[in-house]
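Here are some exercises to work through with the model open in your viewer. Try each task yourself before you read the solution.

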Amino acid sequence: MNTFMIIDDDITVVKMIGSLIKKHELGKVVEELYSSEHAVKEVLFYNPDILLIDYLITPMDGVSVIQILQERGYYGKIIMISQVEDVPMISKAYHQGIEFFISKPINAIEVVKVIKNVSYSLELERSLNKIKSALSSVVHSSINNIEEQEYTIKNILMDLGIIGELGCQDLIKVIEEVKEFKKKNSQTTYRLQDIYEKVVNRNKKMKNDSNEKNMKSFEQRIRRTIQKALENLAQLGMDDYYNPIFIEYASLLFDLTQVKQEMKYLEGLSHDRGRINIKKFIEGILTKINM
């Protein structure tokens, strides 16, 4: 059973969320706070699995509280309660690693749905940790680190619906090349063009085919594949904004503003598509494999 802490200066909001958690048997509320004055101390003491905190709580705002908590080793899931619609403020929250939001005024259906999705995400993490623990206790792990990383990369691309795209294998090679570069040059940044050149030159077939397998067409395939991932993710968000895959990857692999722009394009509300950042996409995947 998950434990919860709720921090909001509106007692009605706190009591409503607490009541929904109890009614739907989502877990146990271990503490309620109505200001952020002692929030850091209390969260670290109770160490709740899931923290719900108001963005505009005083005297310290929710994002600042979360930043301090993360610096002090709090790893629980965080749900931001917010009536803020200001894009820069929301982006600030996303950059702090906050992926889950509940909007004010509080909607009971939304609250339950978000909490269930967060709980599901927690269960997946716990299951994965149990599997890893079991594997490591049996001959130090039946899957070596390289194979596990490759498996994770392919799973992410499968989640994004691009595993069968023409440029998917090229993209995997680029990710692997960047991974190797970072292992050998931890203090040095890389240029994507240099990475592309290494991958292209390593493949003899690419060397001998100046029409299809040249540098320009290689980069175009990478770009089209990632653009397709953005399209698929935006479609998921349109169908269900709280879809676990959408929540996990929207801000990790893309700029959230561009994901929303792609959603507008797919809905016919804009002629401009969302833009991709190839380096951010690659770095996001490497983050998932602890690189």
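**Exercise 1.** In this predicted model, find the salt bridge that Glu 248 forms and say which parts of the chain the pair ties together.

*Solution.* 
Step 1: Look for the partner. Glu 248 pairs with Lys 288, and their closest N and O atoms sit 2.3 Å apart.
Step 2: Glu 248 belongs to helix α11 (residues 244-249) and Lys 288 to helix α13, so the bridge ties together parts that are 40 residues apart in sequence.
Step 3: Glu 248 has 28% relative accessibility, so it counts as partly exposed. Lys 288, at 33%, counts as partly exposed too.
Step 4: List the contacts of Glu 248. Ignoring neighbours within four places in sequence, Glu 248 is in contact with Glu 99 and Lys 288.
Step 5: From Glu 248 to Ile 81 is 167 residues in sequence and 18 Å in space, C-alpha to C-alpha.

**Exercise 2.** Which residues of helix α13 are buried, and which helices do they pack against?

*Solution.* 
Step 1: Walk along α13 (residues 278-288). The buried residues are Ile 278, Phe 281, Ile 282, Gly 284, Ile 285 and Leu 286.
Step 2: Think about spacing. An α-helix has 3.6 residues a turn, so residues three or four places apart point the same way.
Step 3: See what lies opposite. The buried residues of α13 pack against α6, α7 (168-184), α8 (192-202) and α10 (215-239).
Step 4: Look at both ends. At the start of α13, a side-chain oxygen of Asn 277 comes to within 3.1 Å of the backbone nitrogen of Lys 279. Just after the helix, Asn 290 takes a positive phi of about 60°.

**Exercise 3.** Describe how α6 and α13 cross, and name the residues that make the contact.

*Solution.* 
Step 1: Classify the angle. It makes α6 oblique to α13.
Step 2: Name the residues. On the α6 side they are Thr 152, Ile 153, Ile 156 and Leu 157, and on the α13 side Phe 281, Ile 285 and Lys 288.
Step 3: Pick another residue of α6. Glu 150 sits in this helix, which spans residues 145-159, and Glu 150 is partly exposed at 33% relative accessible area.

**Exercise 4.** How many salt bridges does the whole structure hold, and what does the one between Glu 125 and Lys 77 tie together?

*Solution.* 
Step 1: Run the search over everything, and you get 16 salt bridges.
Step 2: Zoom in on one of them. Glu 125 and Lys 77 pair up with their closest N and O atoms 2.7 Å apart.
Step 3: Glu 125 is in helix α5 (residues 108-137) and Lys 77 in strand β4 (residues 77-82), so parts that are 48 residues apart in sequence are tied together.
Step 4: Glu 125 is partly exposed at 37%, whereas Lys 77 is buried at 14%.

**Exercise 5.** Which residues are linked with Arg 273 in a network of salt bridges?

*Solution.* 
Step 1: Begin with one pair. The side chains of Arg 273 and Glu 262 meet in a salt bridge at 2.5 Å, N to O.
Step 2: Locate the two. Arg 273 is in the loop between α12 (256-266) and α13, while Glu 262 is in helix α12, 11 residues apart.
Step 3: Check accessibility. Arg 273 is partly exposed at 31%, but Glu 262 is buried at 0%.
Step 4: The network links Lys 228, Glu 231, Glu 262 and Arg 273.

**Exercise 6.** Is Asp 8 buried or exposed, and which side chain does its own side chain meet in a polar contact?

*Solution.* 
Step 1: Find the place. Asp 8 is in the loop between β1 (2-7) and α1 (11-23).
Step 2: Read off the accessibility. At a relative accessible area of 0%, Asp 8 is buried.
Step 3: Look for polar partners. The Asp 8 side chain makes a polar contact with that of Lys 104, at 3.0 Å.
Step 4: Widen the view. Beyond four places in sequence, the contacts of Asp 8 include Val 13, Leu 33, Tyr 34, Asp 54 and Ile 81.

Methods:
Residues numbered from 1 in each chain as written. Predicted model: local features only at pLDDT ≥ 70, side-chain atom pairs only at ≥ 80, totals over all residues. Heavy atoms only, no water. Helix = DSSP H or I, 4+ residues; strand = E, 2+ residues; numbered from the N terminus. Buried < 20%, exposed > 50% of the residue type's maximum accessible area, 1.4 Å probe, protein only. Polar contact = N/O pair within 3.5 Å; in protein donor to acceptor, adjacent residues only side chain to side chain. Contact = heavy atoms within 4.5 Å. Salt bridge = Lys/Arg side-chain N within 4 Å of Asp/Glu carboxyl O. Axes fitted to C-alpha atoms, helices over the stretch in contact; angles between N-to-C directions. Parallel < 35°, antiparallel > 145°, perpendicular 65-115°, else oblique.
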